[in-house]
Amino acid sequence: MAGREQPIFTTRAHVFQIDPSTKKNWVPASKQAVTVSYFYDSTRNSYRIISVDGAKVIINSTITPNMTFTKTSQKFGQWADSRANTVFGLGFPSEQQLTKFAEKFQEVKEAAKLARDRSQEKIETSSNHSQESGRETPSSTRASSVNGTDDEKASHGGPAEAHLKSENDKLKIALAQSSCNVKKWETELQTLRESNARLTTALQESAASIEHWKKQFSACKEENDQLRSKIEELEEQCNEINKEKERNAQLSRRLQELETELQDKELELEELRKQGEIIPQLMSECESVSQQLQAAEKKNKDLEEKVRTLRTEVEESKHRQTNLKTELKNFLDVLDGKIDELHDFRQGLSKLGIDN
């Protein structure tokens, strides 16, 4: 390929192929963006799109005039290859790169169409030359029969006849090759027609399947809405049931509390009944206690009277004691005076004794 084919355009894109089993879903042919190139074969005058991921060839598509590159979104395009019996898809990083690739595809497609037209013209020209050569051959035969034997013809015709023979052989070879190419192209054309028919059928099936799935989706959506409505109704019912359960639980708890209170009241009533049986005894005891209390109060009054009398006596005793203290003080004062006088008298006696 390096000697005959040269790259004329290169870009990068994510490569996909149509799923051969469903003819609907895309299957990634590369894990990441890879190089996608247009190659021109000058010997065969043909164009190919080639892409290689590592050591694996993931696109090897020869462009024919019947191919069409279709933009399916802002960054995605596809084309069908009947020879490879598949559909290739390319995802580009930007809409600008997709546009450039599509323009190059159209340009290469026109060039392939022009090359095919030229090839058909050459085939027709070769066919006409071959027919003319066939018509000239009888005349030369007649000329040889008129002119004499082959040896004579060789001696007379010479280089001109040899040249005609060489050209005739070349035309026969070209005609044979053209016939082979025509058969090959007819086979390829039939393959393309069959592939287009399959793709058309697959497209129709896909469209019918899409409609079917749309109907199923609408039905599922309606069913989903109905189920949601039922779920909401059931949730409301569940909420009501839960509220009712909660109310029942509250009533049960209140009933238990009331039963407990009733049991407590019954116990209190039983206690009161027991106490009611001992009330007469308590009343008699109360009367006895009242009498004792009255006697105690009377004694208390007598004691209070005695206390007041004792207080009066104490006051009088304190008064008498104060008077006694005063009198005792006066007596002590007089006694001190007397003692002082006695002392002075002793001192006088002592002096008298000394003098004598």
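Modeller: Helices and strands are taken here as DSSP runs, a helix (H or I) having at least four residues and a strand (E) at least two, numbered from the N terminus. The model is a predicted one.

With that in place, Lys23 belongs to the loop between E1 and strand E2 (26–28). The phi of Lys23 is positive, about 60°, although this residue is not a glycine. Most residues other than glycine have a negative phi. Lys23 counts as partly exposed because its relative accessibility is 34%, and that class lies between under 20% for buried and over 50% for exposed.

Strand E3 covers residues 34–41, and six of its eight residues are buried. In a regular strand the side chains alternate between the two faces of the sheet.

E3 is also joined to E4, by six bridges, and these two strands run antiparallel. Val36 has Ser51 in E4 as its bridge partner. The hairpin of E3 and E4 has four residues between the strands, and in this hairpin Asn45 takes a positive phi near 55°.

Strand E4 (residues 46–53) and strand E5 (residues 56–62) run antiparallel and are joined by six bridges. Asp53 is partnered by Lys56 in E5. This hairpin has two residues between its strands, and Gly54 takes a positive phi near 70°.

Asn85 has a positive phi of about 55° and is not a glycine. With a relative accessible area of 40%, Asn85 is partly exposed.

The structure holds five salt bridges. Side chains of opposite charge can pair when their charged atoms come close. One of these bridges joins Glu107 and Lys104, at 3.4 Å from N to O. Both residues lie in helix H1 (residues 95–147), three residues apart, about one turn of the helix. Glu107 is partly exposed at 47% relative accessible area, whereas Lys104, at 16%, counts as buried.

Arg247 and Glu244 form a salt bridge, with the closest N and O atoms 2.3 Å apart. They are separated by about one helical turn because they are three residues apart in H3. Arg247 is partly exposed at 39%, and Glu244 is partly exposed at 36%. Glu270 forms a salt bridge with Arg273, the closest N and O atoms being 3.9 Å apart. These two are likewise three residues apart in H3, about one helical turn. Glu270 counts as partly exposed at 37%, while Arg273 counts as exposed at 52%.

Two surface patches complete the account. Glu232, Glu233, Glu235, Glu236 and Glu240 gather in a patch of negative charge, and Glu233 is found in helix H3 (residues 159–277). A nonpolar patch is formed by Leu328, Phe331, Leu332, Leu335 and Ile339, with about 460 Å² of accessible area together. Phe331 lies in helix H4 (residues 279–355) and is exposed, with a relative accessible area of 51%.

Methods
Residues are numbered from 1 along each chain as its sequence is written. This is a predicted model: local features need pLDDT of at least 70, side-chain atom pairs count only at pLDDT 80 or more; totals for chains, interfaces and linings use all residues. Side-chain values use heavy atoms; hydrogens and water are left out. Patches are made of residues with over 30% relative accessible area and no salt bridge: like charges are joined within 9 Å, nonpolar side chains (Val, Leu, Ile, Met, Phe, Trp, Tyr) within 5 Å. Accessible areas come from the Shrake-Rupley method with a 1.4 Å probe; for residues, only the protein chains shown count as cover. A salt bridge is a side-chain nitrogen of Lys or Arg within 4 Å of a carboxyl oxygen of Asp or Glu. Lys and Arg count as positive and Asp and Glu as negative; His and the chain ends are not counted. The place of a charge is taken as NZ of Lys, CZ of Arg, CG of Asp or CD of Glu. Two strands pair if DSSP finds at least two bridges between them. Buried means under 20% relative accessible area, exposed over 50%, partly exposed in between (1.4 Å probe, protein chains only).
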